[in-house]
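Please open the structure in your viewer and keep the selection tool at hand. This tour goes from one selection to the next, and at each stop it says what is there.

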Amino acid sequence: MIKLRGFLIGMMCLVGMTSYAQQITGYVTDAETGDSIPYASVVYKGHHVNAISNGEGRYTIARHEGWNITFSAVGYKTRIIPVNAKTKAKLNVALKPDKQMLAEVTVKAKRSRYSRKNNPAVELMKRVVEAKKKTDLSVNDYYQYSKYEKITTSLNDLKPEQLEQGVFKKHPWLVEQVEVSSATNKLILPVSIDETVSQKVYRKEPRAEKTIIQGQSSKGINNIFQTGDVVNTVIKDVFTDIDLYQDHIRLLQYPFISPISKEGIGFYRYYIEDTLAIERDSCFHLHFLPNNQNDMGFRGDLYILKDSTLHVRRCEMTIPKQSNVNFVKNVKILQEYEKLPNGQWVLTKDDMSTELSLLSFLRELIVTRTTRMRDYAFDPIPKKLFRGIAPEVTEADAQMRDDAFWSQFRQVELTKSESSMDKFIHRIENMKGMKYVIFGLKALFENSIETSTPNYIDICPVNTILSHNYVDGWRSRLSLKTTANLSKHFFLSGYYGRGWGSHQNYYNAEFTYSINPKKYLPHEFPRRTLSIQVNRDVCSPGDRFMDTDKDNFMVAFKWAETNKMMYYNRQQVTFDYETDWGLKATLIGKLEENEACGKMSFRTLDVAPREEFFRTGNGEHIRTTEVTAKLRYAPGETYINNKLRRRVINLDAPVFSVSHTMGFDGVFGGQYSYNYTELHIYKRFWLSSWGKLDISLKGGMQWNQVPYPLLIHPAANQSYIIIPETFNLINTMEFLNDRFASLMVSWDLNGKIFNRIPLLNKLHWREYIGFRMLWGELSDKNNPFLPENVGNKRLMYFPEGSHVMNPDRPYAEIVLGIHNIFKFFHVEYVRRLNYNDLPTSPKWGMRYVIAFSF
């Protein structure tokens, strides 16, 4: 075994040495000062092979013995070095300053203050921006092309000595998976690979474009988890394709300003470095960088064709290390364009490698995306390919493609480690003790416990097993749900709960039928389900505004005592239908009986108000029968599925929703007739380097006379956890209205101010400003305090602490936050601006959340 391990390690070292030997790498420095020379040109002249040194002066170029390497940089004398058998693999080159040229350059770009006026580089970029309209593929009546994408995630920057100790020593086969990254020349260990083959089609009139997924393959450690597709979805959303010719480039879930845009002219500084040939194409070489490198922008080099098209021939970009980007150590982006026989220039190569360091105690990762485009065509495209509104469709057998398919469409060969991924994962799963590690990770990250392999039943959520509330004190709950491993169309879920202080038993049972087959759980997009639910539990009226389970242990801690509660006994039928293009329709029929408990009462105005309250129920009940219809339209939304619910990860899409609820008196015991309508509009606006602005506008009206449980309650958040689209300093039912409008504005400046304050900019904090306003009105027919409503048998006494809002005086609160503390901790200070005279009103508070974002 020792000899075998030594042989494997030796082979790995040999492979690494061989890989390095095929390249020449080193640093380009100033011969007088020893300082590195960034972005120096390294060229085999006459052979169309070239490279550029990075920001630290480091370069890498292929080794070709018998050729000459030319090293040049603006302000330095050119140096030519022949490559032969004696040339070392590590070749550091010192360039002597060209005094005359350096003086000219210094006056132009170094010593003088950067100016866009009369700047040749800026004038050239203005022409490039103007010319891009002529080269846009959308000017054609039709176009289509085939695209291959490979995304590999690997452990990064392994050291040779690490391969001889620890887990590598104990499991020598791990060494077989280690290889040298072609992007960074570092030792990496690939752990997952995702491949996609697609066809992009476009039609000008009537305008339509669609992506047809023809083949998909996902292998790796993420497949160990049932929700492993979350990883693939997030990675594809974070490291998405880059279109240099768009004004904004979406990367790391943030729209970076493109260097080829009108906005980029003011955001970046441009310098003409040189002219050189890429293969047979003569190009201008421009270097660009943000005016303030703490802003989220690119730095890199453009190679612009010296012809009438002024098209980009090649682009090399990175993100400055000073930029306020979390977890990213280094990014390399390489794009190349080629000329088609019809004269059009098209993107054929789009590669990116991103080195990530999430936390100091975790192993670094590198995500490499390799993309190739080919088979461009401009002939008329059959109408059938444009059927349906969905912008992306997946062929039925896309995930079942054989080796022959991948051999035909795979435009970049897999590495040895990528090819052996299945074998590697099988060995991982069979490591001694690994099943216990996987079990713990699933419970921690998926909030779920699997009961078998393959698992037919999940115990989830885990964080509701123990919680606390005013009525029950401490309570326990055991929740179960079946998975698609048992049936892809029929699902069961439910829980049993017990209040330790109230001695009450709670339960939930839900049956769901999914029209379309599911991979794991019924909430996967698109949701097309019919569900029947029977549920008995206790809740606060404000629980429905939480975006998590009401029994979540973390939200059990409140800044105010939540003592107004009610038992509910609910029977509900729900039909959900989602289209592929963003429209969702929901129809709900519900029977519900409520009993007041805690400091809540359902007494009508025709009897004396209750003076005594019972924590575990006072025998006062109301019963409702209602039907709700909802429409929600959110084009372009992207989702991830966890074992509990579905989350939106792409919040760029606008959201429009409308709902109407009708209550029926005398139907299945219902006691009230009523109609309630609500509208909601949400939109995110990106403000370039000034961050993002989220605006949410809601409005609703209760049309009939109803008791206060059926009035409009404010979206109150009484926990210390930040919950989106809620009011942080309003108590539950503090204001009761029958019509309302709310405006919530959130502005994340992304460090725009903090980045410009000395010393503070080192912390990479991000400032946050929020404003929330609630306008409400209670019509006379629903106001129990008016003389004409005394003795009304339909209206009820308001709970203690509930008030009537002045319609001429909207409630308002402001939020000042610091996000990105230690890269994951967010803290917000909330200040209440009015209604501070009410005895229930806290004037200020602090809210917190742990969230990871780039």
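## One side of a helix

Begin by selecting helix α10, residues 421–429, and colour its buried residues, which are Met421, Phe424, Ile425 and Ile428. These residues lie on the same side of α10, because they cover an arc of only 95 degrees around the axis. As you look, keep in mind that this is a predicted model.

## The nonpolar core

Next, turn to the largest nonpolar core, which has 61 residues, and select the ones with the most contacts inside it, namely Leu244, Ile260, Phe298 and Met317.

Not counting residues up to four places away in sequence, Leu244 touches Ile249, Ser258, Pro259, Ile260, Leu302, Val312, Cys315, Met317, Gln335 and Tyr337.

## A buried glutamate

Now select strand β17, residues 312–318, and find Glu316 within it. Is Glu316 buried or exposed? Its relative accessible area is 16%, and since buried means under 20%, Glu316 counts as buried. Display the side chains here, and you will find that the side chain of Glu316 makes a polar contact with the side chain of Arg314, at 2.7 Å. Leaving aside neighbours within four places in sequence, the residues in contact with Glu316 are Ile52, Arg299, Gly300, Asp301, Tyr303, Ile333 and Leu334.

## An open sheet of three strands

Move on to the open sheet whose three strands have the order β4-β1-β7, with mixed pairing. Its edge strands are β4 (58–62) and β7 (93–95), each of which pairs on one side only. On average, and with direction ignored, neighbouring strands of this sheet are turned by 35 degrees against each other.

To see one of the pairings in detail, select strand β1, residues 23–30, together with β7: the two run parallel and are joined by three bridges. At Asp30, look across to β7, where its bridge partner is Leu95.

Select strand β35, residues 674–686, and strand β36, residues 692–702, which run antiparallel and are joined by 11 bridges.

Then extend the selection to strand β37, residues 739–748, which pairs with β36 in the antiparallel sense over 10 bridges. Here the bridge partner of Lys692 is Asp748, in β37.

## Two loops to finish

Finally, select Asn118, which lies in the loop between α2 (99–110) and α3. Its relative accessibility is 67%, and because exposed means over 50%, Asn118 counts as exposed. Asn118 and Arg313 are 195 residues apart along the chain, and a line drawn between their C-alpha atoms spans 25 Å.

For the last stop, go to Pro160, in the loop between β8 (142–158) and α4 (166–170). At 44% relative accessibility, Pro160 counts as partly exposed. From there, draw a line to Tyr811, which is 651 residues apart from Pro160 along the chain, and you will find their C-alpha atoms separated by 63 Å.

Methods:
Residues are numbered from 1 along each chain as its sequence is written. This is a predicted model: local features need pLDDT of at least 70, side-chain atom pairs count only at pLDDT 80 or more; totals for chains, interfaces and linings use all residues. Side-chain values use heavy atoms; hydrogens and water are left out. Helices (H or I, at least four residues) and strands (E, at least two) are DSSP runs, numbered from the N terminus. Buried means under 20% relative accessible area, exposed over 50%, partly exposed in between (1.4 Å probe, protein chains only). A polar contact is a pair of N or O atoms within 3.5 Å; within protein, one must be able to donate a hydrogen and the other to accept it, and residues adjacent in sequence count only if both atoms are side-chain atoms. Contact means heavy atoms within 4.5 Å. Two strands pair if DSSP finds at least two bridges between them. Axes are lines fitted to C-alpha atoms, for helices over the stretch in contact, and angles run from 0 to 180 degrees between N-to-C directions. The arc is that of the directions from the helix axis to the C-beta atoms. A nonpolar core is a set of buried Ala, Val, Leu, Ile, Met, Phe, Trp, Tyr and Cys residues joined through side-chain atoms within 4.5 Å.
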